[in-house]
Amino acid sequence: MKIELKKMVLENYKCFPHKEVKLSHRTQITGRNRAGKSTIENCYLELMTGKELDGSQPDGVRPHDENGVDLNRSDVIRELHLEIDGKPTVIRKRTFQKWRRPHGQTEEVFDGNGEDFEVDGFPYKPAKFKEYMVGIADPDVLLMCSNANVFLATLKKSTADARKILEKMAGFSLEQFITEHPEYVEVAEITKGHSVEDAFKKLRKDLSTQKKKIDAQNEKIKHEQSRPLASGNIETADLELAKGEWKDKLAEVDKQEQALEQSVKAYDELSAEIRELKIQRQSLIDEALKSQREAREEPEKKIGFENRELKCEERWLNAFQHDLEEYNFIIESLEKTIERAREEYTGVSEQEFDETHLHEIEAEQFDENSYICPTCGQELPAEKKEKLLTDFEERKKSRIAAEEQNRKNFLIEQDSKLNELTRKGNKAAEDLKAAKQNKAEYEQKITEITAKIEAIQAEIEKLKAEFAAIPDEPDYSQIEDYDVLCETIKGKEAFLANLDSGSEKRLELRQKRNQYMTEISNIDSQIQTAAREQENKENILNALQTELRQMAQVQADIEKQIDVLSKFSRAKNEALAQEINPHFRHFQFKFIAYTIDGNPVEICNLVCDGTPYYGGLNGGDKRLAEVDLCRGFQEMSGIIAPIWLDEANTVDPERIPVDMEQQLICICRTGGERKELRVGELEEMK
């Protein structure tokens, strides 16, 4: 697609009331500041891409006065005369204001802006016009292909975004690159959809963190290796030697106890015999006590049962007494209700309707003085007299009827009250009869349950008397062989008192045995504690060493990922440079740099003869690089369109390229006294 701009027509557009600009294949636009140079460029970009030079939406296109107030009512028109693939084409855009007159007002109010479009004189709606322009070229691509400042602004803000633009224009696919280079298939997993630069940052941060963890782990291991045991540095061999000495002493005690056992054997045998006799005697005592308990258990159970019955009946008695009190209260209340109803019935029945007012109305007579006119004093005509008399009689009759209705209403209301009082009295009388009947029933229940309680209490007293007759202790003298056993035990205990039990010597040996066993146990405990502490220390060291190996593996994995990513980054950026740089002549893109440590860093620099665009490149070479940037973008996009070069006055005239297929429009700021805007052939303007 080849586009060339031939002419522009502007009406009421920003600073131009009317301006017609003719352009050639090599055009130069000159003028001082505020002469309208950028306005012409913005007009072209607005119609072709829908955006202005800085990428913003077109706004403020209407002319305004020196105070910044828009001049209303005028249509804003911009018109481009183009050749598209050699075919003359005219596109036109009109911005107009909408006005309306609110209801009840005389003045119109602003109601927003409207737009319409034309292509070769044919009207186009906004959506159709946008579709038509997209068919010529992608507006965003055409914007970058027309003026380098759009891409450079993106580059200055984010190199990553700038690289994405280049990759998209060149058709460079990261997925395709990885497919063609399977050795980098794991890169997708490493980056997880993020940029290589972000992945590098994350991995290097993770690597630094992991190295710090490993250093800290090594410090833990050193600390654990040098940490003394809580039990001290006691040799186990010394503990075993001391344990052997205490065992020898314990063996000596065993020998002495064995000798003592022989000497006290007779004492122990007699003691055992006495214990056996005492066991037999205790068996007789236990049997007697058991019989005694069994004899006392039966009356105790009966007394307990009767006590439970007594408590149950007493609870019923309390409940019945409470209910009886309730019925007494109800009876008293109902009797009062009946008495009140009787009193009210008598009062209501004795009331009579006051007929005084009715009699007064019936006694009223027509005043014949009403026949005399109060104004003239003359007697009224016969027909008026008759009407006055008729009106008086009708009013009197109506008033008498109203008073008689009042008497009737009084009697109806009196009957209603008497009926209601009769109903209440009858209801209270019925309830009183029922309450008295219930009271009598509860009085009968109370009499019956009182008699039952007295019978239970008498039974309890009888059982207590039977229980008291049973002795507390059995009579041992009545037990067969009991006295014989007691005498035998007594004689043997007297003989045993004269024998030596060896208890003192036995106590002494027992104390020594306990002491020696305690010492041996303490030494065993120290040996076990030392062994546990040593084992625990070894376990801790083994765990720390295992964690260290795992951390080292994590570090190795991160370093491997960084290495893979570094190789991938170099290979990818080399491939990207090979794909993109052949399209540019005055400069080359540099996509990778290296840190002092040799780590690759993804960049996006325009480099002209070794000097970066943002690293000291002079103004003239910058402008030539900008032209080359637009031309290269067009070459990648398959577009040939006008290139706008801002600040072209910073380039030596002979360096401005004349061998390009694209139309070149140079914008130059002039000094001196010449302020007006001039448009002409580039060669003529040099």
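**Entry 1: N318**

I looked up N318 and found that it is partly exposed, with a relative accessible area of 49%. For that label I used these cut-offs: buried is under 20% relative accessible area, exposed is over 50%, and partly exposed lies in between, with a 1.4 Å probe and protein chains only. The areas come from the Shrake-Rupley method with a 1.4 Å probe, and for residues only the protein chains shown count as cover.

N318 sits in helix α10, residues 265-349. Helices (H or I, at least four residues) and strands (E, at least two) are DSSP runs, numbered from the N terminus. I also checked N318 against A593: they are 275 residues apart along the chain, and their C-alpha atoms are separated by 105 Å.

**Entry 2: ground rules**

A note to myself: this is a predicted model, where local features need pLDDT of at least 70, side-chain atom pairs count only at pLDDT 80 or more, and totals for chains, interfaces and linings use all residues. Residues are numbered from 1 along each chain as its sequence is written, and side-chain values use heavy atoms, with hydrogens and water left out.

**Entry 3: the whole chain**

I read off 16 helices and 13 strands in the chain. The radius of gyration is 63 Å, well over the 26 Å that the globule rule gives for 686 residues, so the chain is more spread out than a compact globule. That radius is taken over C-alpha atoms, and the rule is 2.2 Å times the number of residues to the power 0.38. Along the principal axes, the C-alpha atoms fill a box of roughly 160 × 155 × 45 Å.

Buried residues make up 35% of the 686. The accessible surface comes to about 42,500 Å², and 49% of it belongs to carbon and sulfur atoms. I then turned to contacts (heavy atoms within 4.5 Å). Of those between residues at least 6 apart in sequence, 70% join residues at least 24 apart.

**Entry 4: strands β1, β2 and β4**

Which strands pair with β1? I found β4 (residues 76-84), antiparallel to β1 (residues 3-13) over 8 bridges, and β2 (residues 16-22), also antiparallel, joined to β1 by 6 bridges. Two strands pair if DSSP finds at least two bridges between them. On the β4 side, I3 stands opposite I84; on the β2 side, M8 stands opposite V21. A reminder from my reading: strands of a sheet pair through backbone hydrogen bonds, either parallel or antiparallel.

**Entry 5: two turns of the backbone**

β1 and β2 form a hairpin with 2 residues between them. K14 lies in that loop, and its phi is near 50°, a positive value in a residue other than glycine. Is K14 buried or exposed? At 18% relative accessibility, K14 counts as buried.

I placed D85 in the loop between β4 and β5 (87-100). D85 is exposed, with a relative accessible area of 51%.

**Entry 6: a sheet further along**

I traced an open sheet of 3 strands in the order β8-β9-β10, with antiparallel pairing. β8 (588-594) and β10 (611-612) stand at the edges, each with a single partner strand, so one side of each is left without a neighbour in the sheet. Strand β9 (residues 600-608) is joined to β10 by 2 bridges, and C608 stands opposite T611 there.
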